[in-house]
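Please look at the sequence and the model shown below before reading on.

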Amino acid sequence: FGFPIFLLRISGEVGASDGILPVGILIAVLIVLVPLGIILHLFISSCITHVALMLVGGARQPFETTFRVVVYTAGTASLILIMPICGSYVQWIVQLVYTILGLKAAHEISGFKASMAVFLPSLICCGLVALMIASLLTAGIWFAMPWDL
């Protein structure tokens, strides 16, 4: 979301000629880059999901199956974004549920394995952040101690 705002800032006001990029070029750049960003995001998230499936022992089908599930659930759940105010929050929850159900059906695994495959990347990320904060706090406490021996 920061990239289009950045481009709007350097393009200047609509109708003004003092911007670096004309608005027409800005729109053309966004028309090309936004779909590429969406495709890249879907590919990376399905790679992460498939690796998590392999870690929990649930990858019974090839990567293409996981990619299809992730793309289908993202497209289906994105229709909820038209809801004002709370659409993005509801979409996030619905996409999680759809992804779990889709992985369960496509890979023919249990709901627990599908849930673990969906939540494992978040658990690992939160665990690493907690470990980093704990180590920084520990290092700060360690260096703040008066070690005059």
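**How helix 2 meets helix 3**

Helix 2 passes helix 3 in a right-handed crossing, where right-handed means that the near helix is turned clockwise from the far one by less than a right angle, and left-handed that it is turned anticlockwise. This is a predicted model, in which local features need pLDDT of at least 70 and side-chain atom pairs count only at pLDDT 80 or more, while totals for chains, interfaces and linings use all residues. Residues are numbered from 1 along each chain as its sequence is written, and side-chain values use heavy atoms, with hydrogens and water left out.

Two packed helices are described by the angle between their axes and the distance between the axes. Helix 2 covers residues 23-56 and helix 3 covers residues 63-77, and their axes come within 9 Å and cross at roughly 125° (axes are lines fitted to C-alpha atoms over the stretch in contact, with angles from 0 to 180 degrees between N-to-C directions). That angle makes helix 2 oblique to helix 3 (under 35 degrees is roughly parallel, over 145 roughly antiparallel, 65 to 115 roughly perpendicular, and the rest oblique).

Which residues of the two helices meet? From helix 2 come Leu42, Phe43, Ser45, Ser46, Cys47, Thr49, His50 and Leu53, and they meet Phe63, Thr66, Phe67, Val70, Val71 and Ala74 of helix 3, a contact being heavy atoms within 4.5 Å. Sorted by class, the contact of helix 2 with helix 3 has nine nonpolar, five polar and no charged residues (Ala, Val, Leu, Ile, Met, Phe, Trp, Tyr, Cys and Pro count as nonpolar, Asp, Glu, Lys and Arg as charged, and the others, Gly among them, as polar).

**Aromatic rings between the helices**

The structure holds three aromatic pairs. In one of them, the rings of Phe43 and Phe67 have centres 6.3 Å apart and planes at 65°, so this pair is edge-to-face (rings of Phe, Tyr and Trp, its six-membered ring, pair if their centres lie within 6.5 Å; planes under 30 degrees apart are stacked, over 60 edge-to-face, and the rest tilted). Because Phe43 lies in helix 2 and Phe67 in helix 3, the pair ties together parts that are 24 residues apart in sequence.

Phe43, Phe63 and Phe67 form one aromatic cluster. Phe43 is partly exposed at a relative accessible area of 40%, and Phe67 also counts as partly exposed at 28% relative accessibility (buried is under 20% relative accessible area, exposed over 50%, partly exposed in between, with a 1.4 Å probe and protein chains only).

**How helix 3 meets helix 4**

Helix 3 also packs with helix 4, which covers residues 87-107, at an angle of about 150° and with the axes 9 Å apart. The angle of this second packing makes helix 3 roughly antiparallel to helix 4, and the crossing of helix 3 and helix 4 is right-handed.

In this contact Thr65, Thr66, Val69, Thr73, Ala74, Thr76 and Ala77 of helix 3 meet Gln91, Val94, Gln95, Tyr98, Thr99, Gly102, Leu103, Ala106 and His107 of helix 4. The residues of the contact of helix 3 with helix 4 divide into seven nonpolar, nine polar and no charged. Is Thr65 buried or exposed? At 7% relative accessibility, Thr65 counts as buried, and, leaving aside residues up to four places away in sequence, Thr65 touches Ala106 and His107.

Ile85 lies in the loop between helix 3 and helix 4, and its phi is near 70°, a positive value in a residue other than glycine. Ile85 is exposed, with a relative accessible area of 84%. Glu108, in the loop between helix 4 and helix 5 (111-144), has a positive phi of about 55° although it is not a glycine, and Glu108 is exposed at a relative accessible area of 56%.

Ile39 is found in helix 2 and is exposed, with a relative accessible area of 53%. Between Ile39 and Val71 there are 9.0 Å in space, C-alpha to C-alpha, although the two are 32 residues apart in sequence.

**The chain as a whole**

The chain has five helices and zero strands (DSSP runs numbered from the N terminus: helices are H or I with at least four residues, strands E with at least two), and along the sequence it follows the pattern α-α-α-α-α. Of its 149 residues, 21% count as buried. Among the contacts in the chain with a separation of 6 or more, 45% come from residues 24 or more positions apart.
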